[in-house]
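The following report walks through a structure one packing arrangement at a time. Please keep the sequence and the coordinates open while reading.

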Amino acid sequence: MTTASAAAFVRRHRTGLSVIGLSVVLAPAPLVLRSPWQLGVLNLVAVNAVVVLGLNLFIGYAGQISLGHAAFFGLGAYGSGVLTTAWGVPPLLALPVTAAGVALTALVVGVPTLRLSGHYLAMATLGFNIVVHHVFVHWDRVTGGPSGLTGIPSFGVQGVTLHGETRQYYLLWGAAMVALTLSVNFVRSGLGRGLAALAEDEVAAAAMGVDVRRGKIAVFTISAAFASVGGSLFAHYMGTITPDTFGIFTSIDFVIMVVVGGLGSLWGSLVGAAFVTMLPHLLGPFEGYKEILHGLIVVVVLLVLPRGFVAGVVELAKTRLARRGSPATARVVSG
Amino acid sequence: MSTRGADQSLLRTSGLTKHFGGLPALEGVGFSAERGQVTALIGPNGAGKTTFINCLTGILRPDRGSMVFDGRELSGLPPHRIARLGIARTFQNLRLFSGLSVLDNVLCGLSARAGDSYLEAFLRTPGLRHRERRLWLTALETLDVFGLADRASVPADALSYGEKKRLDLARAFVSSPKLVLLDEPVAGLNPDETDRVGALIRQMCRGGATLVLVEHDMDLVMSVSDQVVVLDGGRRIAAGSPEDVRCNPLVLEAYLGKISATA
């Protein structure tokens with residue numbers, strides 16, 4: 001009876017418990033990793049994870065494509081940067097204000113753009129990214145032009161700012177865990193199922209009462225807001241931003257993170273973000289070949305593990321167990 | 001009864017017309033479905049049956065004519081709005097969400113009841129948890145009725161063809177819709193599976209469902225229908241009880257005649 005109620009408790013709160021479990025695993029990293037540089041890489045993983053979780057809702061769940069999310073990431077970073085440096089807005093306020101503005105931008109962009117799908121949608125979002133990047137480079141007066149913005153303040157509460165990689169680590173990973181919880185919640189809701197349904201078959205989804213058009217626009221807007229929050233976190237963490245960071249290659253990197261982690265696998269998104277972010281740092285002297293390697297990795301993942309790392313590895317393990325014969329299954333059944 | 005019944009039709013179309021290019025797919029079709037009855041829509045291939053269903057469900061926009069459902073005009077409404085008025089359908093070519101589990105497929109049939117608040121969904125509020133639990137129970141009950149309870153966690157793709165057909169039915173019936181449009185529910189099934197689906201359809205009728213049945217299987221049509229409407233070349237050529245239609249010379253010529261010629 002108690003084990004049954006405990007099982008029910010675990011079932012009901014499996015998202016929360018998993019996130020807590022992951023947090024416990026991640027929490028001691030600053031104690032283990034001595035070098036601030038290593039911690040810095042992990043911090044970038046957290047920033048990218050926020051963006052990739054949102055993008056996975058759009059690409060992995062709703063089955064759409066965007067090659068322009070670095071634009072929303074950049075708008076978030078520049079929004080936060082300009083609001084804090086030129087207007088003196090505190091970072092904690094700049095982040096939500098910017099996210100709301102970027103969500104509105106995504107709504108305006110999404111309403112006409114999301115009439116497209118497939119290659120056309122990819123081209124349209126790519127074009128949007130190029131336009132936004134162009135604005136970052138050439139609107140000197142506001143964006144600082146090619147040399148970007150400097151002196152963007154860190155997050156702080158009542159004069160106590162969060163300096164140092166360790167404090168930033170907890171802040172950024174805290175944000176990533178919140179993003180993870182929110183998106184896992186979302187995909188378990190009726191609206192999340194509606195997205196999965198429209199990704200499979202728009203006609204059938206509409207026949208079940210799913211508002212396909214509204215769903216696509218909403219999830220595009222939401223994923224842009226996630227990207228904007230990622231951008232704000234990035235700006236306040238780095239203190240300096242330049243337009244190069246927000247070009248189309250970053251957009252493609254985000255898509256690679258989604259694909260490597262697994263389309264529709266939110267936990268995989270963390271793995272994808274970690275893998276692709278760390279890769280150039282692990283490559284050392286071969287860093288110059290980063291772009292080639294990225295391309296190669298995507299091809300290999302799509303060929304070998306088309307559902308991404310996490311889902312793919314789980315599947316492989318299951319197949320192995322099944323192949324080992326019935327004893328494994330029998331044990332589960334009798335146990 | 002018969003005069004008042006005409007006003008009480010759950011669904012009534014008149015002059016429904018749809019052309020593809022210059023070709024008429026529907027030409028002034030009048031049709032009605034009475035509450036609690038099974039109205040069959042039959043006709044040879046290309047008669048316009050699926051076009052008719054696609055117009056009713058908002059997938060196609062008719063050129064002319066009216067479609068009144070439960071006192072509301074359907075023309076111009078988008079498909080999801082029509083679904084939310086209480087019209088569910090199955091698909092001739094299935095259109096299951098093949099990557100989703102069987103249970104999730106049926107839960108998708110309950111989309112209208114799942115809530116529309118994104119905030120609630122992201123925060124997974126207690127209200128949403130309760131609602132999800134109720135939907136989950138409803139979905140499992142329906143899977144049980146359609147003989148798929150033990151397949152709930154399997155991807156829809158992994159089902160046999162007969163099971164897929166039943167899942168398509170379960171997905172349509174789970175929301176207890178006011179009207180269900182069945183587009184060839186037994187096409188491609190073997191006799192045993194056909195009997196099974198036939199029994200399920202009868203069971204749903206006894207439960208008070210109003211059905212429009214598009215089907216080529218005449219045994220099924222004749223045994224479950226209250227009314228039969230015959231289309232040929234986009235026009236309604238006959239309507240009446242199964243017995244009337246069976247003896248109608250126009251129908252014999254257009255439809256049953258072909259069957260007897262091939263038999």
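## Helix packing in chain A

Helix α4 (residues 36-61) of chain A and helix α13 (residues 248-261) of chain A have axes that come within 9 Å and cross at roughly 70 degrees, where axes are lines fitted to C-alpha atoms, for helices over the stretch in contact, and angles run from 0 to 180 degrees between N-to-C directions. Among the residues that make the contact are Val51(A), Leu55(A) and Ile59(A) of α4(A) and Phe254(A) and Val258(A) of α13(A); two residues are in contact if their C-beta atoms, placed from the backbone, lie within 7 Å. By class, the contact of α4(A) with α13(A) divides into eight nonpolar, four polar and no charged residues, with Ala, Val, Leu, Ile, Met, Phe, Trp, Tyr, Cys and Pro counted as nonpolar, Asp, Glu, Lys and Arg as charged, and the others, Gly among them, as polar.

This is a predicted model, in which local features need pLDDT of at least 70 and side-chain atom pairs count only at pLDDT 80 or more, while totals for chains, interfaces and linings use all residues. Residues are numbered from 1 along each chain as its sequence is written, and chains are lettered from A and ligands numbered from 1 in the order in which they are written. Helices (H or I, at least four residues) and strands (E, at least two) are DSSP runs, numbered from the N terminus.

## The sheet of chain B

In chain B, six strands form an open sheet of mixed pairing in the order β6-β7-β8-β3-β9-β10, two strands being paired if DSSP finds at least two bridges between them. The edges are held by β6 and β10 (235-240) of chain B, each with a single partner strand, so one side of each is left without a neighbour in the sheet. On average, and with direction ignored, neighbouring strands of this sheet are turned by 20 degrees against each other.

Strand β7 (residues 179-183) of chain B has five of its five residues buried, so it is largely enclosed by the rest of the structure; a residue is buried if 20 or more other C-beta atoms lie within 10 Å of its own, exposed if 12 or fewer, and partly exposed in between, with C-beta atoms placed from the backbone. Leu179(B), Leu181(B) and Asp183(B) lie on one side of β7(B), and Val180(B) and Leu182(B) on the other.

| Partner of β7(B) | Bridges |
|---|---|
| β6(B), residues 87-89 | three bridges |
| β8(B), residues 210-214 | five bridges |

Leu179(B) stands opposite Ile87(B) and has Thr210(B) as its bridge partner in β8(B), whereas Leu181(B) stands opposite Val212(B).

## Domains and chain contact

Chain B is divided into domain 1 (8-86 + 177-263) and domain 2 (99-175), with bounds that come from an automatic or database domain assignment. Their centres, taken over C-alpha atoms, are separated by 27 Å, and the contact takes 11 residues from domain 1 of chain B and 10 residues from domain 2 of chain B.

Between the chains, 27 residues of chain B are in contact with 23 residues of chain A. The side of chain B that touches chain A has 15 nonpolar, seven polar and five charged residues.
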